[in-house]
Structure formats: structure tokens, C-alpha cells
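Let's take a walk through this protein, looking at its open spaces first and its packed parts after that. Have the sequence and the 3D view ready.

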Amino acid sequence: MSNKSPVELEQWRALEAHQQSVASTSLRELFANDANRFEKFQLNAAGIFLDFSKNHITQETHQKLIALAEASGVQAKFKAMFSGEIVNTTEKRPVLHTALRYQGSDPILVEGKDVMPGVREVLDRMRVFTQQVRDGSWTGFTGKPITDVVNIGIGGSDLGPLMAVEALAPFAHELLTIHFVSNVDGSHLVSTLKKVNPETTLFVVASKTFTTQETLTNAHSARDWFLQSAATDADVAKHFAALSTNADAVSTFGIDTNNMFGFWDWVGGRYSLWSAIGLPLALSIGMDRFEEFLSGAYEMDRHALEAPLAENMPVTLALLTVWYNNFWGAPSHLIAPYDQYLHRFPAYLQQLTMESNGKSVHHDGTVVNMATGPVVWGEPGTNGQHAYFQLVHQGTHLIPTDFIMAMQSLNPLGIHHELLMANCFAQSEALMMGKNADELHAEMKQSGASEDEIGELTGHRTFQGNRPSNTLLVQQLTPKALGSLIALYEQKVFVEAAIWDINAFDQWGVELGKALAKSIHGEIQEGLTVKSHDASTNGLINRTLKLNNTLA
């Protein structure tokens, strides 16, 4: 392991030179030259199959990428994180979301104290609480059972549980509907409250400190709405629970602290789905299935920690991201799930990836001199084929793509799943193979086109191809499979950060925006002409105040 900047490592420089030789060979040629390529570039781990053969790599490339991971100390950094060392250096905290799904019997120590009894105690309390709500024994102020749960949170307290509840909808409680409110735009809360009844609604307020501005604004408005029914202040405790560690603030709000579920400083927001933040998911699918979800993540954790680098799935995916981001100039990465239940998975990965690795300094504070986290984006693949895939196929950007699909549907219906699979496999093939002028000529000639027509359309209807992709398959999208899939990407992001020597676990850019918003909110409430910002910000604030007739 070296203290050098990554770009100064000999392994980095070797990859720079190697890229030039690989770039001259197309993906078509790589497959034509090696009948066993598919078998050579595939991995199985924790119920996930990865085909990474459609990438601009040879066995030599793979070896050189693994050498970079070794020189970056990836295995040592994995061990440091899993063992509770302080790896979030700017906030001086361990990073132990892996402890939340740990299935082993060994202690996990933070400052000499085993954290696992506390983790298990919260899970036990979640089991009791969720069972009471799900079986109807938890009743509201009029004695009616709960029919709707509204989770109020933002960021990791919203994206994770929302994505997972949507992804595991086939396993949801038949009589319980889970809603999510995150946006401080009042329209989000108002539109949600129109769908629910105060007598049968449970609100879950997710804020570790119970001070998050957007969340607490929505929570107080929800409380006001609740009290506008026949409910009294004493009834708040029957309809509100908290995911927090601030017992005083929770109690002041009116929530019984017996219905407060805590988590720890070593759980980052975007990694918190495995903690009490996952309560909405546990309410939806039940604690037995929630624990299956945790076990899938644990299996991937063991693989990430124990598998040799050359056979390690998150390491392989991370190295491919580094390969394209830093050596091919590809600054974005497409996530294309061929599963409607995963329609929020790309958004979840946006936060996981870009909030983690959107950094421009190394651990020691020096400025990086290479690209770090790529832009992550996507939507369900079948919809994307009629939208953004045009850019991926024929645009001027190289966009590596992850295709994700379950081999067996949870909702078998006619030929639907066959068509879904066909489209997924066809897109990865089309991106790789493209269509050259000779192939187009033969195709159009067979359909009766003239030579002139073929000539006019050749430039428009040929495809360069040679676009890289990975394909990830699970048998079915079960709770365990989803847990494995999320943990795979979490560990992938960690490996990328290890190679770039950046801190994946802080988010000071987010904190800056919060601080400025608090300041501006005070000025808006004051209603006086604002002069304390730049000309644009002053002008925008004052124009809005004037339009709303609140400018003094």
C-alpha cells in the first residue's frame, strides 16, 4: 500500500499504456478471438450472477486492474471498515452498516465495546412493534387498526426504504399501505394526506437528531393535520413513531419514547436502510422477511471481505468503473433494471454513489488530479429503450451500462417475462455488436430498398456498437436477493473510494446547502430587502418576496 496519489502508482501508469492497445480491438473482435470469453469473465456470489464479458478488457487488463486494487490496499481497507476502525476520517467515525446485518457470533467493537447487543436489541423491538401493527393489535385513537403508514424523512431516510418497499411489493402486507413524504414542498405532504384517514394512519418520523429541517417541518404539519380531526394531544403517541436518538425532542413532539427506534453515529444516512430506518420495509414485508433481506447483504459482505480480488464481484465492478471513468473518459454510468419493481433503484444508487464519491480531495485534504465518482442515472430498461437508449446507442458519449434482471418473474403472465428477458439481452448485444454498413446493406437490400436509398440512410442506420455493459442476474427478486444486490453496490462504491483515496462517508457539500438554506429562510421570514448575498441570490429572494407581497 502506497501513500502516493493514485495516478503516481506504477500500476496506474501501466493501465494508461495498456488502454491504448486494448482500445484498438473491438468487443466483436474480442469475442471472435476467444470462444470461451463468456466463461472467463463471469462471477457468482450471494445469489447474483455477473457477466462482465462485454467489456473492453482482456485477461491482461483484468490482471492489471487487480494489481491496481492490490496497490491501493483494498483488502486492508475492507478489513479496517469491517472491524470498526475509524475510516470516516473527517468526522472521526467508524463505518459499520455491515454490523447491522452481521450474522456471526464474534463481537464487533467500537471503542472497546461490542455493538452487536445493541443492534440485536433494536431488531427485537422492531419485531414486536411491526407485529402489533401488522396483526391489527396496535390500534389508533378510535380503536381501529392501522391501514396506512406514512414515512416522513429525507435523503437516506427516504430513498432507501422507499426503493426497498417498492422493490419488494409482492411480499407486502395486504392490508397495509406504505407512503413516503420527503419533499419540503407542501404539495408532497398534502397529496399524501388526501389518501389517508387520521384514525388509521401511523406516521414514522425518521431523523437521527430530530432536527432535520425538511423532515421536522413535514412532521409538525402532519401532527397539525392529525389534531384537526377528533384526536387530542394524548392521541399523538398512538399515531406517531420515531426513528431517532434524540429522546427529549421526540418526547416533546408527543411521541412515546418506547416507540422510538435508535441507531448510531457509525451508520451513515445513505447506508442506514439496514437499521431502524428500515422500519417501513419491516412493516411492509414483516420481520422474518426483513431478516432474510439482512442475510442477503451479509452473504455479500462475507464475499467482499473474503473472496480473492480476482474473484471478488464488488471489486470487479469497481475496477470496471475506474477503468472507464479514468482511462476511457466515460464520466457517467447507466443503471438499467429490467424489473418494474426496481424502478427506484437507479435513484437510490444515485445517492449511494454520488453522495459517497462526489469528492475532489484525498483523505489528506490534497486536491485529486483525476476523475472520481461518475454520474449515475437510469430508469427501468424497457422504458429507457424508448427514451434515453438512443443516446447510449448512437450518441457521442461512451456510457457503460449495468443491466439487472430476475430470471424468474414473481408475477408470471403469458409471454411478458419472455419479452422482458429478450429485450434485456438484446440491448446488451446491440450495444456491443452495433450494425455496420455491410450488415445494413444486406438487410435493406433484402427488404427491397434501392442502392440510392441505402446510400442515403447508411449514416443514420449504422451503429458503431462497441459499447460496454455488465449484466447482473438473480433468480427472483426476493428480500434476500435485494439485500445482496444493494450490498454489492455499497461495497463497489467503497472499493472505488479506496482506489481514488477519497472518503466515501462524509457529505460536506450537503451540509453547506443546509446551512445556507437556514440562513436564507430566516431572511425570508423577516421580510426585509435582502442585500447579504451575491446579486443573483439577492435578486431572486427579493423578487419572490415582492411577488408574494411579503416584502416590508
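Start with the largest pocket: 46 residues line it, and those nearest its centre are Thr-212, Gln-507, Val-510, Glu-511 and Lys-514. Before going further, note that this is a predicted model, where local features need pLDDT of at least 70 and side-chain atom pairs count only at pLDDT 80 or more, while totals for chains, interfaces and linings use all residues. Residues are numbered from 1 along each chain as its sequence is written, and side-chain values use heavy atoms, with hydrogens and water left out.

What counts as a pocket or a cavity? On a 1 Å grid over the protein atoms alone, a cavity is a set of points where a 1.4 Å probe fits but cannot get out; a pocket is an open set with protein on both sides within 12 Å along at least five of seven lines, and lining residues have an atom within 4 Å of a point. Grid points are joined across faces, edges and corners, and a volume is the space filled by probe spheres set on the points.

Helix H21 (508-526) gives the largest share of the pocket's lining, eleven residues. Strand E4 (93-94), H9 and H14 are also among the elements that supply at least two residues each. (Helices, H or I with at least four residues, and strands, E with at least two, are DSSP runs numbered from the N terminus.)

| Space | Volume | Lining residues by type | Largest share of lining |
|---|---|---|---|
| Largest pocket | about 1200 Å³ | 17 nonpolar, 19 polar, ten charged | H21, eleven residues |
| Largest cavity | about 60 Å³ | five nonpolar, three polar, three charged | H20, three residues |

In the table, Ala, Val, Leu, Ile, Met, Phe, Trp, Tyr, Cys and Pro count as nonpolar, Asp, Glu, Lys and Arg as charged, and the others, Gly among them, as polar. The lining of the largest cavity includes His-333, Asp-402, Tyr-489, Lys-492 and Glu-496.

(A nonpolar core is a set of buried Ala, Val, Leu, Ile, Met, Phe, Trp, Tyr and Cys residues joined through side-chain atoms within 4.5 Å; buried means under 20% relative accessible area, exposed over 50%, and partly exposed in between, with a 1.4 Å probe and protein chains only.)

Which residues does Trp-12 touch, leaving aside neighbours within four places in sequence? Among them are Leu-68, Phe-327, Met-370, Ile-499 and Trp-500, where contact means heavy atoms within 4.5 Å.

Next, two single residues. Ala-297 sits in helix H12 (residues 287-306) and counts as buried because its relative accessibility is 0%. Ala-297 and Ala-487 are 190 residues apart in sequence, yet 5.1 Å apart in space, C-alpha to C-alpha. Phe-425, in helix H17 (residues 416-433), counts as partly exposed because its relative accessibility is 39%. Not counting residues up to four places away in sequence, Phe-425 touches Met-405 and Leu-473.
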